[in-house]
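Have the viewer open as you read along.

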Amino acid sequence: MGADAMTKTRWVYGFGGGSADGDASMKNLLGGKGANLAEMSSLGLPVPPGFTITTEACVHYYANGKAYPAELEAQVREGLSKVEKITGKTFGDASNPLLVSVRSGARASMPGMMDTVLNLGLNDLTVDGLAKLSGDRRFAFDSYRRFIQMYSNVVLDLDHHTFEEILDDHKDRLGADVDTDLSAEDWERVVADYKDAVAADLGRPFPQDPNEQLWGAVGAVFASWMNDRAKFYRRMHDIPESWGTAVNIQSMVFGNMGQTSATGVAFTRNPSTGEHKLYGEYLINAQGEDVVAGLRTPQSLTKAGREEMGEHAPSMEEAFPEVFAQFKAVVETLEKHYRDMQDIEFTVEQGTLYMLQTRNGKRTAKAALKVAVDLCNEGLITAEEAVMRVEPSALDQLLHPTIDPNATRDVIAAGLPASPGAATGKIVFDADEAERLGASGEAVILVREETSPEDIHGMHAAKGIVTARGGMTSHAAVVARGMGRPCVSGAGEVQIFEREGLFRARGRTFHAGDVITIDGSKGEVLSGSVKMVEPELSGDFGVLMGWADKARRMKVRANAETPLDARTARGFGAEGIGLCRTEHMFFDADRIAAVREMILADDEAGRRAALAKILPMQRADFVELFEIMDGLPVTIRLLDPPLHEFLPHGEEDLRAVAEATGLPADKLMRRAKELSETNPMLGWRGCRLGVTFPEIYEMQVRAICEAACEAKAKGQTPAPEIMHPLVATAQEMKILKELTDRTAEAVFAEKGVKVDYMVGTMVELPRAALKADQLAESAEFFSFGTNDLTQTTFGISRDDSGRFLNAYIEKGVFEKDPFVSLDQEGVGDLIKIAAERGRSTRPNVKLGICGEHGGDPASIQFCESVGLDYVSCSPYRVPIARLAAAQAALKKS
């Protein structure tokens, strides 16, 4: 047998007892959770021992018809043996049982998206052993009922509501308010009813063999990688399906062993604001899922946090002073070690602290900025590292309105400020309904008792989220912060009656469809629509963007044609206009009549007469843009859409326009028919209009040059770049360059002023990219219009692609929507070819991109790799593009 055949693949890596087989760098193989458990073990921190089944085992499982690797069973047995040695307990032993948790752990954090099973190994025999060992029968049966419920839901696919109803019936019978009121005997009865429910549903008893339980749970974790909520989360966060998930099997420690035990979640800094204060929650006599699921409202970790929230229940700092001091030292060690804000899960078992997880904490954009700037100022990271720490697309959260401080606030309920920002929308109580209304353009606020991972699609569709239960680290809070949605959690005074479609709060009733506003920064729910204010971008934002601007090579421009857009773009740091669409200026009510008159004209003289009316309006537009962008380039695209777009289409509309303008209705109708096209996107549009009706482009070039002369006379420095759209051949480009130069020279001669300008083209056809060397003989710049270039490369109409794009992404035909993130292999290749060939003719040809992709971080990274000079995007995405361009430059260096 050859050496290769002898090599045994390692599927299992152990940790605990002060050492580990892996470390934090092995995230791809061990997943984020497994890698960090290994790292914490090696640091000598109190981590319950366990082992990780690798992500490669998950990949193998799906590649081989859901079959485990041949060696896995033996390696898991060996991993269990090591845990048994460290703990002195035996898996499945009736008198001294080892119990384990089974958790997922992908390389990217996916909170709540995949499945977990706790207390595994309990059965009718081991529960008695646990009761004797702990001296607490109540605790043992509480743990067993939790295990049956969790395992039945996650592994056996039974509805968790079945178990909740059984428990509620018992609590009602006993007059108990909370779970902790139930005695050992009560829990024994609950367990018996749970087992009966499983047998009734499945036709077989709840599994008693710990090994069967273990492999059932491992299979369920692997299966959860492909559940609907995980798939949705991956699509939303660009996580490839091919990564797979690891499985972490770890010795159980118990936070539900009485009043000296607890469980909690902590962040080393505030994940909403970034403030450098320990932040989090804990519950006494509870297990981990109680905190995250929002089933009980937790208590603050610190005394200061308790006082700030106006709570009365003691903080961990007050209830467990010695353990808290140890915990504080551990979390400080972890933050210094990882050099980032940490999200930590921990358990206290009868006064002993255990660390169950650490990971880089999910945070809002505001917190991400503050943490990055503070860590740099504290000397833990460099300015370049700080720039790399903030997700560019997360800045979107900062660029949207908050509630006007002077607005009247009709507060109807208060809860916890779980995720900052403000939103107004109609009340919906159901995630599916939120998605349906959101897809039709309705702004909705999702109001739930508490959210679960199954609600993620509705949370994504909603503008904001309100939950009646749950704390600052509940599912709703964590996911909302990650999505940038404002959220008010734990609004206990909101009583939800989902079947009736209403909620009551403070004596008032609100129905589905009523409009409310939420203030996630204050934790308040307000009646009606409330006035908002635009954000101010200063402080940490300004500091980080300053560092980003030093690091980036590419310029960032904005797509803008209105003065408001141009001013907004300047405010966000745009370095010019990369696309001014002149046709948008033609649709204004005061000029559309002249445009239609031009289209209906029977000859050139008639067209020129109508164009003369439009000229002063266009000139005024450009004067204002040159003033706002003083000294910065302004790329103006000449008329692009087909002429029929400016004509009314229905007979009724035609008659109304005829009446309003005095233009003959029959002539309007006839001309609309003459101009209608089977495929207008590939029809008589763009430069084809300029070649066949040169007077249209002459008017526009004249308006640009006259405006530039006027701006120069006022002491400004206009920098016009005149762009001809949809050019395919060198001859088109030559004709249009000559037209532009001839018109510009005539204007400069008339005005006695000369202004520097450039002439170029928008590359949006594959032929233009392939023949860029010929186009560059006349064109001084190329701007890649990636919206149309994507359409013409794929032969897909963007407007009609919605019918099949989602299916294509689900089936793996496309990894991402090519209209959102640039297709780097196909469209990207054309851009590379155009850049190389264009530079071979004109080495200093200016290259930019002005499609929607100009604001997409992944596409911007590609632009950096090709060496484009600038990207251009919508004004509100300028900060995102500035940061993404800096990160792309730092990755390349």
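Strand S22 (residues 502-505) runs antiparallel to S23, and four bridges join them. Strands here are DSSP runs of E with at least two residues, numbered from the N terminus, and two of them pair if DSSP finds at least two bridges between them.

The open sheet has three strands in the order S21-S22-S23, with antiparallel pairing. Strand S21 (495-497) and strand S23 (508-511) form its edges, each pairing on one side only.

## How the model is read

This is a predicted model, in which local features need pLDDT of at least 70 and side-chain atom pairs count only at pLDDT 80 or more, while totals for chains, interfaces and linings use all residues. Residues are numbered from 1 along each chain as its sequence is written, and side-chain values use heavy atoms, leaving out hydrogens and water.

## Aromatic pairs

The structure holds 21 aromatic pairs (Phe, Tyr or Trp rings, the six-membered one for Trp, with centres within 6.5 Å; planes under 30 degrees apart are stacked, over 60 edge-to-face, the rest tilted). Tyrosine 61 and tyrosine 62 are edge-to-face, because their planes stand at 85 degrees, with ring centres 5.2 Å apart. Tyrosine 61 is buried at 9% relative accessibility, whereas tyrosine 62 is partly exposed at 27% (buried is under 20% relative accessible area, exposed over 50%, partly exposed in between, using a 1.4 Å probe and protein chains only). Ring pairs link both into a cluster with Tyr68, Trp215 and Phe222.
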